[in-house]
Amino acid sequence: AILFCSHALSWGGATHKVINKEAVKHLPGSLSLFSNNTQWISDHATDADTRKGSDPAEGPKHFIDIDDYAEFKTGTLSHDINVLIAKYGSSKVTSIGLVPWATIWSLDSLTQTLRRGDSTKALQFAADLGHYVGDGHQPLHVTSNYDGGQSGNSGIHSRYETTMMGTYLSQIIVTKDQVHFYEKPIDFAFTYITRGNDLVDSILHADNYAKATAGGSTSGAVYYAAMWEKTGAMTKIQIQTATVDLASLWFTAAVNAGLISLTSVSSAGEIQPRFELFQNYPNPFNPTTTISFSLGSASNITVKVYNLLGEEVETLVSGNRSAGIFRVQWKATGVASGI
């Protein structure tokens, strides 16, 4: 059907720097601390990775093997780290990974430093927050099959996030979008982590396709061109979303620190809405694909699938949605291919 490595690694350093730098463009202009220091925030996007060499507690902050929790599969996973530690023990929770809570710890520190006017430390926490948000949007950082060892795709981690991204990063174009205030940032972090986990199988499928295309090789231009063919659209959305989500958490910190009010930003019209339907992925697919769309403001929307005869096949979304970026999966089971 068609519709029109290891945990020691993370998004390649260049990608982290792009995420931090491009996130600033989504902020209202009144947050001059960020706009005046965009290059610094970008340059220090990889400081968290550098600390791994001297701080043994740093590594687990960059990932979460979220599917190792049985509750994740049933949708009952607690977002409270204390609840999980009480049940599994600190060592187990740490070994599974801490990225959602590391994100919140940095957010809280950013809020406090902004509140007391310590711009030097605030910038460092802003840069670190960007790194953890970036890691949370890297699908292979939110699964126990992070390097493909469970599926015959060993080495996919580095191939996807470092080598492929190093080749195609220039094709990532981030467009200005709308930031949001989140009253419960930890729930928000788990939302984008869960969405990232949904993309893991698409990356593994792309790796198998690229290997077949390249005659069994997992290196060279043919392999990586095929990988990008299959994952490029998805990756572009993930990077775009990472920048908006990072800017939204910076914005949330600024609001909580008293630097800016939600009312003043809204009335000033500094945030421009954007409506867009993104390319589905994977594409082609069998039998499931993900369709993403963004809303610049709360809207009553409908998302429907039609066949080539113009006949309605299925309604995927119907009703009110808040502003933001959304994804919906379509399982085309029982739908004839080719039409």
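These questions and answers go through parts of a predicted model.

Reader: Which residues of the largest nonpolar core touch the most other members?
Author: This core has 77 residues. Its largest share, 17 residues, comes from helix α13 (residues 221–256). The residues that touch the most other members are Ile64, Trp101, Tyr160 and Trp250.

Reader: Which elements cover the buried residues of α10?
Author: Helix α10 spans residues 156–168, and its buried residues include Ile156, Tyr160, Met164 and Tyr168. Tyr160 touches Met227, Thr231, Met234 and Thr235, among others. The cover over the buried residues of α10 includes α1 (13–23), α12 (200–213) and α13.

Reader: Which residue in β4 is the bridge partner of Val303?
Author: Strand β3 (residues 299–306) and strand β4 (residues 312–321) run antiparallel and are joined by 8 bridges. A second, separate core of 13 residues includes Ile301, Phe326 and Val328, along with the residue asked for. The bridge partner of Val303 in β4 is Val317.

Reader: Which residue in the hairpin of β3 and β4 takes a positive phi?
Author: The hairpin has 5 residues between its strands. The phi in question is near 80°, and the residue that takes it is Gly310.

Reader: Is Ile339 buried, partly exposed or exposed?
Author: Ile339 lies in the segment after β5 (324–331). With Leu308 and Leu309, Ile339 forms a nonpolar patch on the surface, and together they have about 340 Å² of accessible area. Buried means under 20% relative accessible area and exposed means over 50%. Ile339 has a relative accessible area of 44%, so Ile339 is partly exposed.

Definitions and conventions
Residues are numbered from 1 along each chain as its sequence is written. This is a predicted model: local features need pLDDT of at least 70, side-chain atom pairs count only at pLDDT 80 or more; totals for chains, interfaces and linings use all residues. Side-chain values use heavy atoms; hydrogens and water are left out. Patches are made of residues with over 30% relative accessible area and no salt bridge: like charges are joined within 9 Å, nonpolar side chains (Val, Leu, Ile, Met, Phe, Trp, Tyr) within 5 Å. Accessible areas come from the Shrake-Rupley method with a 1.4 Å probe; for residues, only the protein chains shown count as cover. A salt bridge is a side-chain nitrogen of Lys or Arg within 4 Å of a carboxyl oxygen of Asp or Glu. Helices (H or I, at least four residues) and strands (E, at least two) are DSSP runs, numbered from the N terminus. Buried means under 20% relative accessible area, exposed over 50%, partly exposed in between (1.4 Å probe, protein chains only). A nonpolar core is a set of buried Ala, Val, Leu, Ile, Met, Phe, Trp, Tyr and Cys residues joined through side-chain atoms within 4.5 Å. Contact means heavy atoms within 4.5 Å. Two strands pair if DSSP finds at least two bridges between them. Lists of a residue's contacts leave out its neighbours within four places in sequence.
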